[in-house]
Amino acid sequence: MILTVTPNPSLDRTYALAGIRFGELNRADTDTLEASGKGVNVARTLLAAGVRTGVVLPAGGPEGAQLNALLDAEGLTHRIVPTGTPVRTNVTLLEPGRTTKVNAPGHPLTPADADALVAAVENLALGADWVVCSGSLPPGTPAELIGRVVEAGRRSGAQTAVDASGAALVAAAEAGPDLLAPNVEELAELTARAFPPGGRPLVRAALDAAHSLAADTGGGVLVSLGPDGAVWVDAENALHGVAPPVTPVNTAGAGDALLAGWLAGGPDPALRLRTAVSWGTAACLLASTAGDVAATADPQRVQILDLGVPATGP
Ligand SMILES: O=P(O)(O)OC[C@@]1(O)O[C@H](CO)[C@@H](O)[C@@H]1O
């Protein structure tokens, strides 16, 4: 069982339109609403592939009730930690070949909300294989919440994974989870390095930064590189996986599918990375943010390159 934690969940509203004109009225061709936030997306993707999942998140207000109803309707096992504040709404604008996102900040968690979230994680993680904490923190929430979630998962005997950014990613790295899953911009910020824009130089630079991060955390690091695929680094492996290029429909949620694929992919890191990259690629072709990518993903088309673990300095 994989338990996902989403400290700052969202209702994701997606509008598709032929083209955005700034400063003018734009009318959307389609309008969809999903229960979301990164952890919810990871769980939905895994559940569609037949993996048992649970979702924990804080939520309140009418939007919280709506989120609850959406999760009920799709049969995603979930525990909502009730708060006195509403759930944010994030907006995705889909034009042909381009995804634009506007994310709301969310609403602060009180210290009691944060305590209740950690307690729920500790409870529900008993018997879980993984506890996965994904996405931003609500404004004003101390970044140490990430470390507390990792500790709660660990105390319950689960392996732990974190996909976070900014101060929360720093806190996550300090907590030393089994898996950290930053994207390349987040990795650049965390390690204070500038990366080349793409191609082999980017892969090499991301690999070196991930290697030094993995040495600090003692776990593995999965870095999403967008069209350049992903790298996986741990003490014994330094792998790059890349799929043939696609014309994306919706890139929102691709990183969540990548992480879900890694979690579902099996015991061997190369197989995990192959599954991860194929799921992330398939997610770019979905109109929704998350869904059944395992059905359309083609792991055989992913090329896995063993780049060799970089030598560590004296
Ligand atoms: O604001 P955060 O928590 O960083 O990201 C939230 C979010 O952008 O992540 C998902 C895609 O990965 C979306 O479903 C959701 O709107």
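Predicted model: local features only at pLDDT ≥ 70, side-chain atom pairs only at ≥ 80, totals over all residues.

Sorted by class, the contact of α4 with α5 has 6 nonpolar, 1 polar and 1 charged residues.

Now show the two helices whole. Helix α5 covers residues 166-175, and its axis comes within 8 Å of the axis of α4. The two axes cross at roughly 35°, and the crossing is right-handed.

Next, step back to the loop between β8 (130-134) and α4 (144-155), where you will find threonine 141. Is threonine 141 buried or exposed? Threonine 141 counts as buried because its relative accessibility is 9%, under the 20% cut-off. Show its side chain too: it reaches the backbone oxygen of proline 138 at 2.9 Å.

For the last stop, select helix α8 (residues 254-264) and helix α9 (residues 269-284). Their axes lie 7 Å apart, and the helices pack at an angle of about 150°, so α8 is roughly antiparallel to α9. This crossing is right-handed. To see who takes part, pick out residues of the contact, including Leu258, Trp262 and Leu263 of α8 and Leu273, Val277 and Trp279 of α9. What classes do the residues of this contact divide into? There are 13 nonpolar, 3 polar and 1 charged in the contact of α8 with α9.

Notes. Residues numbered from 1 in each chain as written. Heavy atoms only, no water. Helix = DSSP H or I, 4+ residues; strand = E, 2+ residues; numbered from the N terminus. Buried < 20%, exposed > 50% of the residue type's maximum accessible area, 1.4 Å probe, protein only. Polar contact = N/O pair within 3.5 Å; in protein donor to acceptor, adjacent residues only side chain to side chain. Axes fitted to C-alpha atoms, helices over the stretch in contact; angles between N-to-C directions. Parallel < 35°, antiparallel > 145°, perpendicular 65-115°, else oblique. Left-handed = near helix turned anticlockwise from the far one by under 90°. Contact = heavy atoms within 4.5 Å. Nonpolar A, V, L, I, M, F, W, Y, C, P; charged D, E, K, R; others polar.
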